[in-house]
Amino acid sequence: MTHHETYMKRAIELASKGLGSVNPNPLVGAVIVKDGRIIGEGYHKVFGGPHAEVEAFNHAVEDVEGADMYVTLEPCSHYGKTPPCALKIIEKKIKNVYISQLDPNPLVNHQGVDLLRNAGIRVEYGILESESKKQNEIFLSYIQGKRPFVAMKYAMTIDGKIATYQGDSKWISNEKSRRFVHELRHQYMSIMVGVQTVIDDDPHLDTRRNELSRNPIRVIIDPNLRTPIDAYVVKTANTQKTIIVTSLDVDQNRLEAYLEKGVEIIKKEANPFINLDHLMDDLGKLGIDSVLIEGGSYLHGKALDMNIVHKVYAFIAPKIIGSKDAKTAVHGNGILKMSDAIQLKNVTHHILDGDILIEGYIKEQQEAYNEI
């Protein structure tokens with residue numbers, strides 16, 4: 001590993017500290033190096049707060065003039081919630097700037113680099129680019145397509161079941177796996193389930209990490225408006241944003257009870273199911289950059305049928321349930337030939353106290369992602 005990669009790796013590590021707190025902004029880390037020593041570090045901590053470069057300057061332990069800066073994403077060149085970081089870098093008289101990846105945002109792309117170079121600063125980019133792209137896969141997908149990055153999560157036994165034939169599913173996965181899921185809920189801006197999950201389990205769909213955790217926006221797919229008015233997700237809609245997606249022909253009088261509880265309503269055509277592909281456009285317009293689907297086999301099948309899923313988290317517990325009537329993880333249309341099966345790419349796996357987490361990308365979506 002070169003010294004450039006060593007410093008960039010540290011910047012990427014710093015960027016990860018912003019997971020779940022900066023959406024829909026990107027994760028960014030910055031390191032200032034002078035005479036072979038790190039003299040300042042920073043990362044983007046919270047949406048609307050100072051950017052990583054400014055944080056690094058604020059935490060510098062000595063004068064930064066003539067130093068090098070390593071930053072995971074191209075410094076911004078426009079005025080948004082904060083002033084342009086590129087101008088701050090010029091003002092501080094940084095000598096060299098090393099960037100992991102360019103920003104695909106058209107307000108920034110190459111403009112930050114050009115601004116720095118025109119000021120006489122030497123700029124290089126592409127250092128550990130694949131690592132920083134993976135770290136910012138949600139941002140990169142959203143900023144280019146204006147639609148959420150969608151992940152599907154489920155837990156199943158080694159015989160492929162997500163519940164017993166009587167519907168009992170607590171708990172298939174172990175405690176460590178469930179803690180991992182709450183980390184995911186913190187990282188993704190919204191969580192999506194089908195109405196049957198709400199009826200069967202009355203889930204909280206929140207993040208139980210610590211007092212600083214951000215709860216995801218809850219999205220309930222409910223074409224016929226069957227969500228119980230006393231469900232937890234309805235009763236707590238004023239403190240955790242909850243959206244019910246229902247059909248166009250649902251009577252307005254029925255909606256009033258949910259609206260009074262603080263629930264937001266999206267009405268879509270349902271024939272008989274909500275078109276999830278079209279719904280992603282609606283969620284994107286609301287500024288929702290990511291969706292974690294924990295919806296049950298029916299919703300999982302529909303999401304795959306409509307090709308909206310980018311990534312899969314499959315937890316496999318070393319348990320056997322059996323029974324042809326026990327639900328499997330995915331329903332949907334299914335396939336006729338194994339050659340037509342949905343394939344995951346860039347697959348990794350983790351062992352979580354006996355559970356196995358398989359993480360991978362849907363083939364078609366991953367090919368599009370590689371073009372970023």
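Before anything else, the model is a predicted one. I will start with the whole chain. The protein has 13 helices and 14 strands. It has 372 residues, and a compact globule with that number would have a radius of gyration near 21 Å; the value here is 23 Å, which agrees. The C-alpha trace spans about 70 × 45 × 40 Å along the principal axes.

On burial, 50% of the 372 residues count as buried. The exposed surface comes to about 17700 Å², with carbon and sulfur atoms supplying 49% of that area. As for charge, there are 44 positive and 49 negative charges, and their mean positions lie 2 Å apart.

Now to helix 4, residues 111-118. Which of its residues are buried? They are G112, V113 and L116. Viewed down the helix axis, the buried residues fall within an arc of 100°, so they line one face of helix 4. What do they pack against? The partners are helix 3, at 85-91, together with strand 4, at 96-101, and strand 5, at 122-125.

L116 is the residue I would like to show from this helix. Its relative accessible area is 0%, and under 20% counts as buried, so L116 is buried. Setting aside neighbours within four places in sequence, L116 is in contact with P75, A86, I89, I90, V97, I121 and V123. Take P75 from that list: P75 and L116 are 41 residues apart along the chain, while their C-alpha atoms are separated by 9.1 Å. Just after helix 4 comes G120, with a positive phi of about 90°.

Next is helix 6, residues 137-145. Seven of its nine residues are buried, so helix 6 is largely enclosed by the rest of the structure. The buried ones are E137, I138, F139, L140, S141, Y142 and I143. K146 follows this helix, and its phi is positive, near 55°.

That leads to the backbone. Most residues other than glycine have a negative phi, and most peptide bonds are trans. Here are some exceptions.

L128 is not a glycine, yet its phi is positive, about 50°. L128 lies in the loop between strand 5 and helix 5, the latter covering 129-135. D353 is another residue other than glycine with a positive phi, near 50°. D353 sits in the loop between strand 13, at 344-352, and strand 14, at 355-362.

Are these two buried or exposed? L128 has 14% relative accessibility, so L128 counts as buried. D353 has a relative accessible area of 60%, and is therefore exposed.

Last, the cis peptide bonds I want to point out. One joins K170 and W171, with omega about -5°. W171 is in the loop between strand 6, at 149-157, and helix 7, at 175-187. Another runs from N271 to P272, with omega near -10°. P272 is also in a loop, between strand 10, at 264-268, and helix 11, at 276-285.

That is what I have for today.

Key:
Residues are numbered from 1 along each chain as its sequence is written. This is a predicted model: local features need pLDDT of at least 70, side-chain atom pairs count only at pLDDT 80 or more; totals for chains, interfaces and linings use all residues. Side-chain values use heavy atoms; hydrogens and water are left out. Helices (H or I, at least four residues) and strands (E, at least two) are DSSP runs, numbered from the N terminus. The radius of gyration is taken over C-alpha atoms; the globule rule is 2.2 Å times the number of residues to the power 0.38. Buried means under 20% relative accessible area, exposed over 50%, partly exposed in between (1.4 Å probe, protein chains only). Accessible areas come from the Shrake-Rupley method with a 1.4 Å probe; for residues, only the protein chains shown count as cover. Lys and Arg count as positive and Asp and Glu as negative; His and the chain ends are not counted. The place of a charge is taken as NZ of Lys, CZ of Arg, CG of Asp or CD of Glu. The arc is that of the directions from the helix axis to the C-beta atoms. Contact means heavy atoms within 4.5 Å.
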